[in-house]
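The notes follow the order in which I checked them.

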Amino acid sequence: MNKNKNKKGEENMTEQNPPKTTSGPNLQLLLEGPFALRDNSAVNADSTSNTFDIFVPNLLDSHFVPGFQAEGEGLDLPMAGKYTLAIKGYTPGSAQGQGSSVFDCCERPDSMAASGAYVILNVPKPDEIWPISGVDAVIHGNGAAKDTMSYCTRAVLRYNNINLDDVSLTGMGIESETVNLGLVPIGSDALLYFSMIPNDLPTVEHGMMAYRAAAKMVGFDRYLEYTSCGNTTGAAQFSASGGRQNNCRAVLIKLDPPGKK
């Protein structure tokens, strides 16, 4: 095992997740929609280890179809099914947590399959994960914390030092092996949205409905209430700026391996 000493004399364990040495831009994959993320740290019967699965519920009665958008480019997923966003030569990261908001975290069994998902997007395990755009809410139901927390409604999966030309998308209805997602670095990072956008202005009731649909999709009977929606701050959380990146404010769910604290 390779152990290096930093300036404080602490040990950096580099065997499982060695530092990236490739010089290149970083990719920020911004997740925006009523999604559930499954951490595939261990081998699953229905997915690849060291990846994340992003489960998208079927909410086409109230949302546009899920899709991607980068700088000046857009790509809607043509049909229901499984898709893979791959980065050639990328070493799975440690998904180091950042930020002050939290996911609604649930423990999932290794054999769990989200049969109710409209789309399942498989992505490499990122170097960093940023839960962002928090709303104050309390979650009720089986296994819920039942405490008021700042739950994230969006998240960024960050991949460090990659070649943007090595990012590809494959899946249902996509004929070419590599799809040009229009990735353009701005400074050190390129931004790619994966979104499921409401087809009308989001409301408190919309966010609650979308969260409940996502929870039921992955087998949890849970619902939430927004604790600050009766005041000006709460109302501002649901103000709509328009455009494709229009967050419905559904809290994101993260499915962790059994026993993970």
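Predicted model: local features only at pLDDT ≥ 70, side-chain atom pairs only at ≥ 80, totals over all residues.

Next I looked up the ring pairs. I count three aromatic pairs under the rule that ring centres lie within 6.5 Å. For F68 and F194 I find the ring centres 4.9 Å apart and the planes at 40 degrees, so I record this pair as tilted. F68 belongs to strand β6 (residues 67-70) and F194 to strand β16 (residues 189-195).

Y90 is in the loop between β8 (81-87) and β9 (96-97), whereas Y159 is in strand β13 (residues 149-159). This pair also joins distant parts of the chain, as the two residues are 69 residues apart.

Which residues do ring pairs link into a cluster? I noted F35, F68 and F194.

I also checked for a charge over a ring. R222 lies over the face of F220, at 5.8 Å from the ring centre.

A separate entry for N122. I located N122 in strand β11 (residues 117-124). Is N122 buried or exposed? Its relative accessibility is 13%, so I count N122 as buried. What does the side chain of N122 reach? I found the backbone oxygen of F52, at 3.5 Å. I also looked up N122 against N40: they are 82 residues apart along the chain, and their C-alpha atoms are separated by 9.8 Å.

Last, I took the values for the whole chain. I list two helices and 18 strands. The chain has 261 residues, and 47% of them count as buried. Among contacts with a separation of 6 or more, 78% are between residues 24 or more positions apart. The accessible surface of the chain is about 12,500 Å², and carbon and sulfur atoms account for 48% of that surface.

Terms used:
Residues numbered from 1 in each chain as written. Heavy atoms only, no water. Phe/Tyr/Trp six-rings, centres within 6.5 Å; stacked < 30°, edge-to-face > 60°. Helix = DSSP H or I, 4+ residues; strand = E, 2+ residues; numbered from the N terminus. Lys NZ or Arg CZ within 6 Å of the ring centre and 35° of its normal. Buried < 20%, exposed > 50% of the residue type's maximum accessible area, 1.4 Å probe, protein only. Contact = heavy atoms within 4.5 Å. Areas by Shrake-Rupley, 256 points an atom, 1.4 Å probe, with all protein chains shown as cover. Polar contact = N/O pair within 3.5 Å; in protein donor to acceptor, adjacent residues only side chain to side chain.
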